[in-house]
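Please open the structure in a viewer and keep the selection panel at hand.

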Amino acid sequence: MSKTIVILGAGLAGLPAAHYILKHLATKLDLKVLLVSPAEDYYWTLGTLRVVVPDQMGEDKIFYSIPKIFHKYPPANFEFVHGRAETWDPETNSVLVAMNDGTSRTINYHTIIVATGSSAKGGMPWKLVGDSSQTHAAIAKLRDQVKNAHSIVVGGAGATGVEFAGELGSAYAKTGEKTVTIITNESSVLENRMNGGLRKRTQKNLEKLKIKVITNTKVTNVTEDETGSTTVELTRSDGTVETVQTDLFVPTWGLSFNSDFAPADMRLPNGRLKVTETMQAHGYDNAFIVGDVADCEPGQIAYAEAQVKHVMKALEQYLSGGKMPKYIRNPMVGQLLSIGQDYGAGQMGNWQIWGWFAWYFKSRYLGTDYAPACANGERFVIFGSI
Ligand SMILES: Cc1cc2nc3c(=O)[nH]c(=O)nc-3n(C[C@H](O)[C@H](O)[C@H](O)COP(=O)(O)OP(=O)(O)OC[C@H]3O[C@@H](n4cnc5c(N)ncnc54)[C@H](O)[C@@H]3O)c2cc1C
């Protein structure tokens with residue numbers, strides 16, 4: 001009888017894992033992959049920031065139907081389970097799935113790969129918002145709000161805030177069509193783990209797009225009146241409080257990790273799942289945890305991808321009773337940033353990446369030029385074929 005491998009989540013970690021097993025191991029080792037996801041699409045997060053700005057990029061560039069993509073694999077080796085893991089019991093090797101059709105289904109597995117990632121706070125479509133139709137609706141709502149607003153305040157200046165403000169800058173602020181403000185409680189934009197020079201240059205690029213950058217300031221309250229006007233309360237690092245009026249406030253901070261289905265003792269207070277140095281769950285060698293939800297490395301594709309590659313490479317050895325090798329964490333900080341359609345910036349280790357390089361490889365298409373190949377299982381996002 002074939003061994004069942006359940007993969008929870010079909011994002012940037014779960015989807016390539018499913019393709020890898022189906023392409024390289026399923027027939028050889030008689031495996032059946034059950035890919036569980038509440039959304040019926042693979043979601044290209046990188047492109048969302050442009051899709052929510054009217055007339056810039058179509059939604060077809062960021063949604064890829066999972067059933068269509070996986071149709072090429074034999075049903076004996078693959079099944080798409082359209083639902084959300086509700087409860088995971090690693091003692092009995094089972095997961096209870098709340099199916100999107102309203103029913104429940106218990107799945108027993110030989111091996112499980114947990115890749116349930118993270119969600120954006122405040123129902124923002126930076127990541128999937130529940131299923132695909134809920135995500136389409138959240139995108140449409142934000143796009144409409146952007147269209148109708150004359151002034152927009154972006155809360156938070158991490159990578160998502162910077163890239164979103166950049167999109168608004170290229171589309172509107174640089175011509176004066178709308179005013180755009182970005183607010184951070186840090187002394188400069190981006191996280192403080194990033195190179196100081198990169199942070200300065202990124203801020204300059206935003207300012208070149210006529211975006212007002214407010215630093216050392218916390219957003220402490222946001223209220224909307226019945227006319228739709230929003231009051232944003234700001235508290236400066238010296239304690240002074242002021243308010244700004246805007247047509248639209250868009251939060252870009254804070255992700256929550258999707259792990260509420262897991263036993264409490266496997267979860268950390270921040271919601272990430274504990275993981276061993278071999279990317280397995282403590283005490284359960286048949287459970288692998290990868291991607292944003294794993295308490296391992298920062299939530300970025302390069303790390304998620306390296307973790308998936310590590311597990312995939314050793315899976316055959318593990319399935320034949322061998323031990324998993326250690327995963328070597330990557331201490332290097334690396335990031336490519338688009339700053340709207342005009343500029344790019346980035347960092348690799350301690351080195352700043354040339355702006356034109358980041359613009360060429362990221363800002364022009366936000367990866368949508370190769371997203372179909374990733375969705376189809378032809379390649380990983382950052383590097384290498386599957
Ligand atoms: C706007 C934005 C832009 C980004 N751009 C970059 C970038 O340019 N470069 C970079 O390196 N990183 C970027 N990132 C980070 C990157 O998106 C994440 O690191 C990556 O998505 C992690 O992949 P993942 O598969 O672990 O999680 P996710 O991509 O979040 O996928 C999780 C999957 O799990 C599913 N799921 C959730 N809960 C359950 C459940 N209970 N049961 C079953 N399935 C479930 C979801 O539906 C989804 O399919 C960006 C993030 C954002 C928000």
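Predicted model: local features only at pLDDT ≥ 70, side-chain atom pairs only at ≥ 80, totals over all residues.

Residues are numbered from 1 along each chain as its sequence is written, and side-chain values use heavy atoms, with hydrogens and water left out.

**The ligand**

Select the ligand and display its shell. The ligand is surrounded by 30 residues, and the closest are A13, A85, D292, I301 and K362.

Next, colour by secondary structure; helices (H or I, at least four residues) and strands (E, at least two) are DSSP runs, numbered from the N terminus. At least two shell residues each come from strand 2 (31-37), helix 2 (45-51), strand 5 (78-89) and helix 7. Which element gives the most to the shell around the ligand? That element is helix 2, with 3 residues.

Now show polar contacts, which are pairs of N or O atoms within 3.5 Å; within protein, one must be able to donate a hydrogen and the other to accept it, and residues adjacent in sequence count only if both atoms are side-chain atoms. A polar backbone atom of A10 is 3.2 Å from an oxygen atom of the ligand. For G11, the distance from a polar backbone atom to a ligand oxygen is 3.5 Å. At G299, a backbone N or O atom lies 3.4 Å from an oxygen atom of the ligand. Taken alone, the ligand exposes 1000 Å², of which the protein buries 92%; accessible areas come from the Shrake-Rupley method with a 1.4 Å probe, and for residues only the protein chains shown count as cover.

Buried means under 20% relative accessible area, exposed over 50%, and partly exposed in between (1.4 Å probe, protein chains only).

**Single buried residues**

Contact here means heavy atoms within 4.5 Å.

Centre on F164, in helix 5 (residues 159-171). Is F164 buried or exposed? F164 counts as buried, because its relative accessibility is 0%. Beyond its neighbours within four places in sequence, F164 is in contact with residues including L49, V52, W126 and V250. Select T48 as well: T48 and F164 are 116 residues apart along the chain, and their C-alpha atoms are separated by 9.0 Å.

Move to T135, in helix 4 (residues 132-148), which is buried at 0% relative accessible area. A polar atom of the T135 side chain lies 3.0 Å from the backbone nitrogen of V129. Leaving aside neighbours within four places in sequence, the contacts of T135 include Y43, F63 and K127.

Then select M266 and L273 together. M266 is in the loop between strand 17 (255-257) and strand 18 (280-281), and L273 lies in the loop between strand 17 and strand 18. M266 is buried at 8% relative accessibility, and L273 is buried at 0%. Not counting residues up to four places away in sequence, L273 touches M266, V114 and I289, among others.

**Positive phi values**

Finish with the backbone. N216, in the loop between strand 12 (212-214) and strand 13 (217-224), has a positive phi near 50° although it is not a glycine. N216 is partly exposed, with a relative accessible area of 32%. L366 likewise has a positive phi of about 50° and is not a glycine. L366 lies in the loop between helix 8 (355-363) and helix 9 (371-375) and is buried, with a relative accessible area of 1%.

Key. Near = heavy atom within 4 Å.
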